[in-house]
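Colleague: Hey, I'm new to this one. Can you put it up and walk me through it?

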Amino acid sequence: MVQDCIFCKIVAGEIPSNQVYADEFVIAFHDINPQAPTHILVIPRKHISDMNEASPQDQALLGHMMLCASKIAADAGLAESGYRLVLNTGPDARQSVFHIHLHILGGRPLSGQMG
Ligand code: AMP
């Protein structure tokens, strides 16, 4: 656990979250400031700041996050309508929380603009 990391505190149960999924490796919870009707974050229990810090050792964990995201999206009813997975890294991507997280966005047609 990294001191002053808000998502580490959520993993530790020190800060509440609206959790929708948890297993040995990841947890998922609703974003506090949703950008779409469904906006869920999937985060690893392990602290990884961003994709720049991710290493080959994290390969299975990152794959697990993706597969959990698809299951969570399906459970949220998004499999047919579709959804977007977003993982921001660094200032140009406007990353604001430096504990890696996968956004699941869906529930309405999303912007056609990717950048
Ligand atoms: P990013 O800009 O990719 O770093 O996204 C960080 C996301 O974390 C934003 O969408 C925030 O709304 C969300 N967020 C920040 N604090 C919390 C929190 N305590 N619970 C849920 N979501 C949060």
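**Salt bridge and ligand**

Modeller: Lys 46 and Asp 58 form a salt bridge, with their closest N and O atoms 2.5 Å apart (a salt bridge is a side-chain nitrogen of Lys or Arg within 4 Å of a carboxyl oxygen of Asp or Glu). This is a predicted model, where local features need pLDDT of at least 70, side-chain atom pairs count only at pLDDT 80 or more, and totals for chains, interfaces and linings use all residues. Residues are numbered from 1 along each chain as its sequence is written, and side-chain values use heavy atoms, with hydrogens and water left out.

Colleague: How many salt bridges does the structure hold?

Modeller: It holds 2 salt bridges.

Colleague: OK, the ligand now. Which residues come nearest to it?

Modeller: Asp 31, Asn 88, Ser 96, His 101 and His 103, out of 16 residues around the ligand (a residue is near if one of its heavy atoms lies within 4 Å).

Colleague: How far is the polar side-chain atom of Asp 31 from an oxygen atom of the ligand?

Modeller: That distance is 2.5 Å. For His 103, a polar side-chain atom lies 2.8 Å from a ligand oxygen atom.

Colleague: And what does Ile 32 have by a nitrogen atom of the ligand?

Modeller: A backbone N or O atom, 3.1 Å from that nitrogen. The pairs are polar contacts, meaning N or O atoms within 3.5 Å.

Colleague: What classes of residue make up the shell around the ligand?

Modeller: There are 7 nonpolar, 7 polar and 2 charged residues in the shell; Asp, Glu, Lys and Arg count as charged, Ala, Val, Leu, Ile, Met, Phe, Trp, Tyr, Cys and Pro as nonpolar, and the others, Gly among them, as polar.

Terms used: A polar contact is a pair of N or O atoms within 3.5 Å; within protein, one must be able to donate a hydrogen and the other to accept it, and residues adjacent in sequence count only if both atoms are side-chain atoms.
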